[in-house]
Amino acid sequence: MHPKEHQTTSLALFCKVVDNYGDIGICWRLTRQLEQEHGIAVTLWVDDLRSFQRICPEVAIDRETQQIGSVTVRHWRDQNGVFAASDVADIVIEFFACDIPPGYIAAMAERTPRPVWLNLEGHSAEEWVEGCHTLSSPHQSSLTKYFFFPGFTGKTGGLLLESGLQQQRQAYQQDQAEMAAFLGQFGVTPAEMASLKVSLFCYPQAPVSALFDAWQSSGTAITCLVPEGVAVDAVQAFLGQVAKAGASASRDALTVRVLPFIPQPDYDKLLWACDLNFVRGEDSFVRAQWAGKPFVWHIYPQDKDLHHVKLNAFLQRYSAKTESLVEFSLAWNAAAKTAIDWAALWPSFEADLQKIADMSVDWQLQLSANGDLTANLLKFAETVQ
Ligand code: TRH
């Protein structure tokens with residue numbers, strides 16, 4: 001869609017940070033794309049500015065309203081706001097079924113024309129998503145809300161993908177000096193550059209110590225780069241010191257380095273520069289797919305192991321033919337049916353890394369054929385306007 005077509009469109013995106021950085025990570029990415037590629041005037045309402053600041057250091061945590069580039073960021077403090085119809089945007093998105101303030105909904109109902117109201121859902125590769133994508137739900141206010149699902153097939157909204165991202169990544173990955181300079185700022189040495197470089201982002205329950213043991217005694221030199229605050233217990237046990245940014249230690253084949261938590265655009269560069277990425281949640285999971293490198297997903301845990309269903313649905317689509325990746329992923333997520341021998345699991349997974357990297361090219365083509373989520377969302381909004 002041509003940017004001019006949206007020059008006057010306004011959009012309000014409501015983001016409630018449920019946990020960690022994925023909620024604001026996705027909303028901020030979507031916001032920037034709406035603004036930069038489609039010329040939309042976005043107001044991002046977010047309840048937790050501190051989490052936002054972690055991925056975007058320009059954010060001031062004590063402001064009610066601030067401009068970041070041409071995006072208006074509002075601190076969403078409570079549900080008590082009073083709004084006029086003129087405050088309401090053309091398109092209103094609630095992220096992950098967060099309850100937008102009743103006063104805003106009342107103003108939406110009074111506005112002429114009515115805004116398009118979308119609920120942007122979480123990622124799942126399960127089949128039911130295709131049946132629920134774009135379903136409408138009448139609201140008591142007489143407004144209609146539509147469900148918009150990201151996903152991995154053409155019958156879903158697709159994934160966030162900035163235009164030019166793939167060219168940027170390819171140019172970066174061909175430039176050894178740039179990658180070495182980027183990792184060098186975190187202390188990565190030339191010898192470590194030549195080793196198998198792994199980025200590690202996971203939830204606290206991941207079996208990191210067991211994997212470190214396997215890596216330590218493997219025949220391959222491995223450098224593991226861990227952002228500060230991730231897998232703290234296992235990292236500290238390995239380092240024998242506090243896992244703060246800059247700390248590192250080497251034992252046998254393994255070097256572990258603690259990185260600072262870096263701004264979101266740099267996180268892409270980290271994924272692009274590493275040979276294998278451990279990612280988690282939703283946003284880093286999607287970024288790893290665009291990085292074109294092998295990755296292992298640590299899925300966000302849910303009660304009664306419901307997340308194992310989601311994990312299997314994704315593995316079925318992504319890697320059903322690569323047994324070592326499936327086995328490794330199930331073991332990493334405590335979803336394996338048999339006892340885990342990391343010392344055996346790692347070498348068989350490692351042996352397939354090149355094959356998995358090759359496979360990721362086809363996977364990216366498949367995903368890009370679904371279009372990108374932002375453009376798909378705007379196209380859909382036009383159809384229900
Ligand atoms: O942080 P996450 O676990 O986030 C989410 C939330 O917990 C959310 O509530 C839940 O619904 C969802 O997972 C499933 O993982 P995620 O989604 O990968 O988000 C992390 C964000 O942080 C992503 O935008 C990348 C960014 N990031 C940086 O900007 N710098 C870094 O150094 C790192 C490690 C990540």
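Q: Which residues form one aromatic cluster?

A: Rings of Phe, Tyr and Trp (for Trp, the six-membered ring) pair if their centres lie within 6.5 Å; planes under 30 degrees apart count as stacked, over 60 as edge-to-face, and the rest as tilted. Here, one aromatic cluster is formed by F212, W215, F238, F278, F328, W332, W342, W346 and F349. The structure is a predicted model, in which local features need pLDDT of at least 70 and side-chain atom pairs count only at pLDDT 80 or more, while totals for chains, interfaces and linings use all residues. Residues are numbered from 1 along each chain as its sequence is written, and side-chain values use heavy atoms, with hydrogens and water left out.

Q: How many aromatic pairs does the count come to, and what geometry do F285 and F314 form?

A: By the ring rule, the count comes to 40 aromatic pairs. F285 and F314 form an edge-to-face pair, 4.8 Å centre to centre with 75° between the planes. F285 belongs to helix α11 (residues 283-291) and F314 to helix α12 (residues 306-319), so this pair ties together parts that lie 29 residues apart in sequence. Helices (H or I, at least four residues) and strands (E, at least two) are DSSP runs, numbered from the N terminus.

Q: Are F285 and F314 buried or exposed, and how are the rings of F295 and Y318 placed?

A: Buried means under 20% relative accessible area, exposed over 50%, and partly exposed in between (1.4 Å probe, protein chains only). F285 and F314 are both buried. For F295 and Y318, the ring centres are 5.1 Å apart and the planes stand at 35°, so the pair is tilted. This pair also links distant parts of the chain, since F295 is in strand β14 (residues 295-298) and Y318 in helix α12, 23 residues apart. F295 and Y318 are buried as well.

Q: How many residues of α11 are buried?

A: Nine of the nine residues of α11 are buried, so this helix is largely enclosed by the rest of the structure. Among them are D283, S284, R287 and W290. The residue that follows α11 is G292, whose phi is positive, near 70°.

Q: How many residues does the largest nonpolar core have?

A: A nonpolar core is a set of buried Ala, Val, Leu, Ile, Met, Phe, Trp, Tyr and Cys residues joined through side-chain atoms within 4.5 Å. The largest nonpolar core has 80 residues, and F212, W215, F278, W332 and W346 have the most contacts inside it. Helix α13 (residues 323-332) contributes the largest share of this core, six residues. A second, separate core of 36 residues includes L13, V17, Y146 and L373.

Q: Which residues is W346 in contact with?

A: Contact means heavy atoms within 4.5 Å. Leaving aside neighbours within four places in sequence, W346 is in contact with L196, A214, W215, S218, I222, L276, F328 and L353.

Q: Which ring does R54 lie over?

A: A charge sits over a ring if NZ of Lys or CZ of Arg is within 6 Å of the ring centre and within 35 degrees of the ring normal. R54 lies over the face of F261, at 4.4 Å from the ring centre. R251 lies over the face of F238, at 4.6 Å from the ring centre.

Q: How many residues surround the ligand?

A: A residue is near a molecule or strand if one of its heavy atoms lies within 4 Å of it. The ligand is surrounded by 23 residues, and the closest are G22, Y203, I262, D283 and S284.

Q: Where does a polar side-chain atom of Y203 lie?

A: A polar contact is a pair of N or O atoms within 3.5 Å; within protein, one must be able to donate a hydrogen and the other to accept it, and residues adjacent in sequence count only if both atoms are side-chain atoms. A polar side-chain atom of Y203 lies 2.5 Å from an oxygen atom of the ligand. An N or O atom in the side chain of D283 is 2.5 Å from a ligand oxygen atom, and for the side chain of Q264 the corresponding value is 2.9 Å.

Q: Does S199 count as buried or exposed?

A: At 1% relative accessibility, S199 counts as buried. S199 is found in strand β9 (residues 196-200), and a polar contact of 2.7 Å joins the side chains of S199 and N277.

Q: Where does D87 lie?

A: D87 lies in the loop between β4 (71-75) and β5 (91-95). D87 is partly exposed, with a relative accessible area of 43%. The side chain of D87 reaches the backbone nitrogen of A84 at 2.7 Å.
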